[in-house]
Amino acid sequence: MVSNPKQKIRRLAFALKKKNQTLGVILLAVAMILVPSISHADLEHDRIYALETLSWLNPIDNIDGIFTDFMNDQFEQYFKQQTRFRIKTLGNARNLLLTHPGAKIEYFKLAKDPAILKKIAHQFQVESLIRPSIKKEGASYRITLEWVYAPRGDVLSQTEFRFYDAGNADGLKKSDLPGSLHHALDELISKLPFLGQITGVEGDTVTVNMGKNQGISENELLTVFTLQTLKRHPLEHTIEEWRWEPIGKIKVTQVEESLLFGKIIQTEKDKVIERYQKIRQILPAPIEPEKKNVSALAADDSTPRLGYVAGSLGIGSYSRDVGYSGGVSGQTGGGLSFGPQVDSLVWLNPNWLAEGTLGMKLYSYSAKDSSSGAALGSGQGGSAFLFKLSAGYCFFPGTSIFDPAG
């Protein structure tokens with residue numbers, strides 16, 4: 001749990017207050033004003049119900065323990081395939097419970113006694129115990145599985161199913177019971193109040209004790225909660241109500257078999273994601289927005305990189321015919337004209353465009369008499385310049401370049 005800076009300053013102020021009451025009061029007042037008000041959730045319940053370690057008891061039954069070895073073998077096989085819980089070996093704890101092997105009612109009492117379960121939890125450092133119960137009822141067996149929080153004897157989840165023994169010659173392992181039992185264990189775990197928990201936090205990166213074994217994929221979202229309070233039934237030793245407070249969301253960035261890495265993408269106001277907080281939901285990865293098939297000119301509001309600059313060298317002809325007043329013969333003549341020209345167009349945004357032209361022409365010709373056509377012996381020349389700048393606005397009512405435009 002992250003230390004609360006306000007608590008540290010309060011303790012320091014109290015210590016100074018013993019020596020100098022005025023200084024202590026001033027320091028405490030300044031601290032309450034300057035220290036950021038960030039609410040760290042009380043992780044007491046989150047730490048208590050970590051549910052990291054697990055074992056199981058011998059079945060409570062009325063059939064002389066004929067299923068005991070089979071159930072223990074099946075539990076071992078099942079939990080070898082998962083990594084969420086660390087399996088503890090109880091050793092002689094099961095024998096301690098069987099203080100009177102011939103008295104089934106005595107074992108029933110011991111397996112249900114919170115004080116005995118608390119002793120087992122303390123001695124073998126195990127948090128959770130699976131407590132099976134098998135009762136023969138006519139031609140079938142009613143099998144009940146309870147997930148017990150051993151330090152308090154609370155039942156966190158429960159499931160049951162029936163098994164009809166068809167008398168398979170190959171024994172219980174070849175019957176339908178292993179599959180039914182494994183399915184019941186899946187259901188028992190799914191009924192636990194949370195799916196996993198935060199195991200580490202560094203900056204905006206977190207680790208969670210979940211992975212591919214729980215079917216998690218990259219980019220999925222995990223909701224993070226903290227356990228505020230809970231209600232326990234005083235006689236049945238069951239949890240009647242879990243009260244949760246939302247903390248934030250994590251986006252899965254990398255998934256291993258039994259571990260995942262995520263990035264904090266959202267936190268509630270004044271909340272901090274910390275170790276031991278719980279994962280309660282797995283949300284599907286957000287759907288990427290579909291890209292629209294739009295014209296390159298009208299795709300978005302950014303300035304498009306569209307336009308052109310073109311250069312040319314123009315060659316043409318030039319002629320001139322000048323008449324003089326008073327009946328005097330005039331002049332005529334012709335020649336070549338040539339010169340460079342640059343044209344450009346650019347889109348300023350998806351609707352506005354600008355166009356410009358800059359050019360120059362040079363020309364020369366030899367003059368002749370208009371009447372006789374005789375060369376006058378003099379040449380003439382000149383130049384012409386062209387400059388054009390214009391702007392336009394285009395309207396695209398559709399989303400394709402083939403749609404009408406104005």
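In what sense do β9 and β10 pair, and over how many bridges? They pair in the antiparallel sense over 11 bridges. Strands here are DSSP E runs of at least two residues, helices are H or I runs of at least four, and both are numbered from the N terminus. Two strands pair if DSSP finds at least two bridges between them.

This is a predicted model: local features need pLDDT of at least 70, side-chain atom pairs count only at pLDDT 80 or more, and totals for chains, interfaces and linings use all residues. Residues are numbered from 1 along each chain as its sequence is written, and side-chain values use heavy atoms, with hydrogens and water left out.

Stay with β9 and β10. Phe 225 stands opposite Pro 246 in β10. The hairpin of these two strands has 6 residues between them, and His 237 takes a positive phi near 55° there. Next comes β11 (residues 260-267), joined to β10 by 7 bridges and running antiparallel. In this pair, Ile 250 faces Ile 264 of β11. The β10-β11 hairpin has 4 residues between its strands.

These strands belong to a closed barrel of 6 strands, in the order β7-β8-β11-β10-β9-β12, with antiparallel pairing. Within it, β7 (residues 196-202) and β8 (residues 205-208) pair over 4 bridges. Gly 200 stands opposite Thr 207 in β8.

Now the interior. A nonpolar core is a set of buried Ala, Val, Leu, Ile, Met, Phe, Trp, Tyr and Cys residues joined through side-chain atoms within 4.5 Å. Buried means under 20% relative accessible area, exposed over 50%, partly exposed in between (1.4 Å probe, protein chains only). The largest core has 35 residues, and Met 71, Ile 130 and Trp 147 touch the most other members. Elements that each supply at least two residues include β9 (221-232), β10 (239-255) and α8 (177-190). The largest share, 6 residues, comes from α8. A second, separate core of 15 residues includes Met 210, Val 252, Leu 260 and Ile 279. In soluble globular proteins, nonpolar side chains tend to be buried together.

Arg 142 is partly exposed, at a relative accessible area of 23%. Beyond four places in sequence, its contacts (heavy atoms within 4.5 Å) include Ser 133, Glu 160 and Phe 161. The C-alpha atoms of Arg 142 and Tyr 164 are separated by 9.1 Å.
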